[in-house]
Amino acid sequence: MKTKTETQEKFKTMIGGQALIEGIMMRGPEKQSIVVRSPEGLVVKTEPLKLIAKKHPVLGWPLIRGVVNFGASMACGVKALMYSAEFFPEEEGEPSKFDQWLEKKLGSEKMEKAVISFSLVLGVCLAVGLFVLLPTFLAGLVPGIHGNYVARNLTEGLLKIVLFMGYMILVSRMKDMKRVFSYHGAEHKTIRCYEAQLPLTVENVRPMTRKHPRCGTSFLLVVICISILCGALIRVDNTLARMGLHLLMLPVIVAVSYEFNRLVGRYDNRLTRILTAPGQWMQNFTTNEPDDSMIEVAIKALEEVLPSQEGLDQW
């Protein structure tokens with residue numbers, strides 16, 4: 001049964017966001033905004049979106065745009081996270097000799113790009129290694145399933161789900177992540193309020209649900225579920241070969257997952273509520289109830305990216 005706040009929803013927006021360190025990033029059809037509650041007060045950084053699909057329309061086609069947008073979102077997310085972290089520097093001594101050498105050789109701007117690129121590569125490698133390769137490796141150690149491809153795939157799938165849920169639960173218990181997840185909740189609540197076509201005030205945002213079908217948590221769960229379905233197509237026993245085939249299928253899995261999340265995020269009916277229920281349940285671990293100051297940040301970030309009529313037509 002839908003809650004009162006969910007039944008107030010009157011339309012679906014494609015505006016999305018990301019929780020940062022004491023802040024939120026929102027992305028609309030025309031602009032991207034980062035709002036951080038720094039020690040000196042709110043800091044707002046809003047800039048126009050530069051979508052690669054506008055320059056190369058083919059990259060905006062269905063099943064192609066998923067991989068492109070996923071990569072772009074990760075890059076923007078890491079950059080925004082680093083920007084928010086600048087307002088809360090840790091007390092450290094002098095930069096290491098390696099840092100000084102790297103900045104001297106590359107310059108501050110190129111060094112920042114190098115750090116972002118390294119963070120992206122490291123993040124993708126860790127995610128793929130933990131949720132794709134490790135389950136395949138562990139399943140290969142289970143006796144009695146070699147030659148039984150159904151049992152092999154089900155074992156890999158079960159391990160993927162257990163590892164994913166375990167990872168999310170452990171992260172949600174980290175002290176430093178609790179405030180980030182509260183900002184995550186504020187982001188969802190504010191978008192829900194906007195979709196209900198209510199004035200964007202703290203009072204209106206506060207009672208909204210902190211769950212949203214287009215959340216990144218839901219997307220990752222969909223990726224895992226579709227990877228399990230695609231794994232049924234792999235008919236080999238060799239563990240290394242299975243790992244390689246899983247990697248080759250990954251772009252297709254991401255593309256299909258993106259289209260799925262985009263589709264169910266546009267509609268609200270019995271079927272879409274059933275399909276999005278597992279992902280929204282997982283958001284119990286990745287979102288917390290925000291305080292009013294966090295909601296204020298989310299409202300400001302959303303207001304900054306609200307589309308013009310022209311942008312709304314294109315969206």
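User: What makes Lys45 count as a charge over the face of Tyr83?

Analyst: Lys45 lies over that face, at 4.6 Å from the ring centre of Tyr83. The term requires NZ of Lys or CZ of Arg within 6 Å of the ring centre and within 35 degrees of the ring normal. The model is predicted, so local features need pLDDT of at least 70 and side-chain atom pairs 80 or more, while totals for chains, interfaces and linings use all residues. Residues are numbered from 1 along each chain as its sequence is written, and side-chain values use heavy atoms, without hydrogens and water.

User: How many aromatic pairs does a search of the whole structure find?

Analyst: The search finds six. Rings of Phe, Tyr and Trp (its six-membered ring) pair if their centres lie within 6.5 Å; planes under 30 degrees apart are stacked, over 60 edge-to-face, the rest tilted.

User: Why is the pair of Phe11 and Tyr194 called edge-to-face?

Analyst: Their ring centres are 5.3 Å apart and the planes stand at 80 degrees, so the pair is edge-to-face.

User: Is Tyr194 buried or exposed, and what is Phe11?

Analyst: Buried means under 20% relative accessible area, exposed over 50%, partly exposed in between (1.4 Å probe, protein chains only). Tyr194, at 17%, therefore counts as buried; Phe11, at 26%, is partly exposed.

User: Why is the pair of Tyr83 and Phe87 edge-to-face?

Analyst: The centres of these rings are 5.3 Å apart and their planes are at 80 degrees, so Tyr83 and Phe87 meet the term. Tyr83 is buried at 16%, whereas Phe87 is partly exposed at 23%.
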